[in-house]
Structures are given as structure tokens and as C-alpha cells.
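Biologist: Before we discuss the terms used for this structure, may I see the sequence and the model?

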Amino acid sequence: MGHDHAHNHGCDHKHAHAGHSHGPTLSANDTPEARRSKERAILIAAALTGGFMGAEVIGGLISGSLALLADAGHMMTDFASLLLAWFAFRLARRPADWKRTYGFDRFSVLAAFVNGLTLFAIAGWIVLEAVQRLRDPHEVLGGLMLWVAVGGLVVNILAFWVLSRAESDNLNVRAAALHVMGDLLGSVAAIAASLIIIWTGWTPIDPILSVLVALLILRSAWSVVRESGHILLEGTPVGFDPRAVAADLEATLSGVARAHHVHAWSITQERPMATLEVELAPGAAADEVRRAVKHRVRETTGMQHVTVEVAAGAEHRRG
């Protein structure tokens with residue numbers, strides 16, 4: 001039994017991803033060019049965000065606008081998150097070793113989880129700041145605020161366009177894009193607020209629109225945290241039900257007397273894996289059953305990396 005498992009596991013690694021494609025995602029299948037393209041997209045977005053962050057700080061100080069300084073703080077957090085995402089992609093390129101047999105791909109999921117948590121923190125800070133500003137309004141120079149906000153909108157559109165070209169099921173790219181989307185919405189809100197302040201002088205519109213942006217950020221953040229947290233907790237991949245898989249194998253394959261110990265998890269969103277044990281029916285050949293089980297699981301679930309442990313059935317053991 002131990003030999004069967006070891007042999008199978010080794011073979012499975014050789015063809016785990018054969019003929020398998022997830023489209024434009026960062027996975028083991030990505031060509032070096034595709035990986036570099038995603039890294040470059042993240043780095044360009046980070047450079048755009050970091051560069052304009054400095055301009056926004058200067059604009060906020062000159063105009064005395066707390067709104068612009070607050071948005072600069074938002075962009076600073078985004079800049080750090082984008083750099084973290086870029087570093088995660090770079091780290092994932094390192095090959096597997098004897099200590100980390102799956103390589104460093106999981107770091108990108110961890111980075112997405114951290115990014116999602118920072119989105120929660122950003123949204124919470126925006127709400128608290130908005131409440132404070134409603135209680136104690138600050139003077140806002142609408143004209144300068146408008147020009148800086150328009151500049152921020154252009155920069156964020158460019159950054160989001162760069163990231164959307166590399167957009168995929170990859171959680172790290174999605175988290176980075178959501179950060180930039182939050183900034184983009186913030187710029188739109190700042191433009192609307194500045195125009196209303198210019199036309200009417202009603203400054204409370206600024207914190208009110210900021211709260212609406214914060215709610216949008218929270219919705220996006222929850223999605224990223226939920227999905228990345230599920231992977232980090234070794235949750236089953238979407239669409240994979242271990243109970244249904246075991247029942248299907250027992251019902252459709254005559255060589256399987258019993259299927260159990262079915263476990264499935266994901267290294268990253270693009271690298272799902274499964275292991276299971278099957279007990280042989282009387283007269284069944286272990287190698288044939290193993291191949292049939294792998295084929296059936298791949299056919300019904302799309303799971304490409306399946307490790308099968310084959311054991312003798314109860315009748316064999318009694319004999």
C-alpha cells in the first residue's frame with residue numbers, strides 16, 4: 001500500500017497539470033512571459049500610485065485640504081499593498097525545495113488576505129474621519145481640490161487599466177485591483193464634492209460621499225478576505241463535494257468497494273488538489289482501479305492533481 005501511494009504521488013506530480021489551462025491566471029502553467037507581464041502590471045500600478053501620492057500630499061498641504069491629505073493616506077496604504085503584491089509574485093517564482101515542496105505560491109494568497117484586511121482598516125478609518133468632519137467641519141479650497149482630484153482620477157484610471165489587463169481569478173491581482181478601484185471611486189467622490197463645494201459652499205458633502213466609497217470598499221474587501229481565508233484554512237475548492245465524489249466512485253466504478261478519506265484543498269486558487277483512499281472490490285486490479293478513479297474524479301470535478309491510495313477490501317483482508 002505504501003509503495004502504491006508513493007509511486008502514484010510521484011507519477012501524479014509529472015502529469016498533474018497536463019492538458020490543463022486556467023486562462024490568464026498566475027499558476028504553475030504560466031509562461032515566464034505571462035508571469036513577468038503580471039509582475040510588470042503590479043509594479044506599474046505601484047509606481048503610478050506612489051508617484052501621485054506625493055503630489056496629493058503637496059496639494060493637500062498647500063490648500064489646507066484635509067480631504068486630499070486623507071486620500072493621500074489612502075494611496076500610501078495602496079502603494080504599500082501593491083508593493084506587497086508585487087513581492088508575492090516575485091517570491092512565487094522561486095522553485096520548490098525540500099522544505100517547501102509546493103513552492104512559494106501560497107504567499108500570494110497570504111498577501112491577498114493581508115490586502116483584504118487593510119481594505120477593512122481603510123474603510124473604517126474613512127468612516128471615523130467622516131464622522132469627525134461632520135461634527136467639526138474644515139474649510140476646503142474647492143478649486144485646488146478639484147484639480148488634484150482630477151489628476152488622481154487620471155492616475156487611478158491608468159493604474160486600474162494596467163491591472164485589468166492582467167485581471168484574473170488570481171486573488172492577489174484582484175486585491176490589488178480593488179485597492180486601485182477604491183482610490184478611483186475616491187477620486188470621483190472628491191471631484192463631485194469639490195464641484196458641489198465650489199457651486200454651493202456646502203462642505204458636509206465631502207464626508208458624506210466618503211462614507212459611500214467606504215461601503216463599496218467594505219463589500220469588495222469581504223469578498224477577498226472570505227476567499228483567501230478559505231484557502232488558508234485548507235477549505236475545499238469551489239464545486240468540490242467530498243461526499244458526492246465518494247458516492248459517485250462507489251456507484252459508477254465496479255472495482256471500488258468503498259471510497260473514503262476524501263480530502264481536497266488549494267495551494268492557490270488556481271492549484272486545487274485532492275487525496276482519497278479506495279478499497280478494492282473482489283478481483284479488482286489495483287493499478288486499473290487507481291487509473292479509473294483518477295479519470296473519474298477529473299471528469300466529474302475538473303480536479304487535475306489527484307492522489308489515490310489503494311487498499312485491499314474487507315474480503316481480501318479476511319482471506
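Biologist: Which residue of S2 is the bridge partner of Ala259?

Modeller: The partner of Ala259 in S2 is Val278, and Val256 is likewise bridged to Leu280 of S2. This is a predicted model, in which local features need pLDDT of at least 70 and side-chain atom pairs count only at pLDDT 80 or more, while totals for chains, interfaces and linings use all residues. Residues are numbered from 1 along each chain as its sequence is written, and side-chain values use heavy atoms, without hydrogens and water.

Biologist: How do you know that S1 and S2 pair?

Modeller: Pairing requires that DSSP finds at least two bridges between two strands. Eight bridges join S1 (residues 256-266) to S2 (residues 272-280), and the two run antiparallel. Strands are DSSP runs of E with at least two residues, helices are runs of H or I with at least four, and both are numbered from the N terminus.

Biologist: What makes S1 and S3 edge strands?

Modeller: S1 and S3 (305-311) each pair on one side only. The order in this open sheet is S1-S2-S3, with mixed pairing.

Biologist: Why are H8 and H9 called oblique to each other?

Modeller: Angles under 35 degrees count as roughly parallel, over 145 as roughly antiparallel, 65 to 115 as roughly perpendicular, and the rest as oblique. The axes of H8 (residues 242-252) and H9 (residues 286-301) cross at roughly 125 degrees; H8 and H9 are therefore oblique. Such axes are lines fitted to C-alpha atoms, for helices over the stretch in contact (heavy atoms within 4.5 Å), and angles run from 0 to 180 degrees between N-to-C directions.
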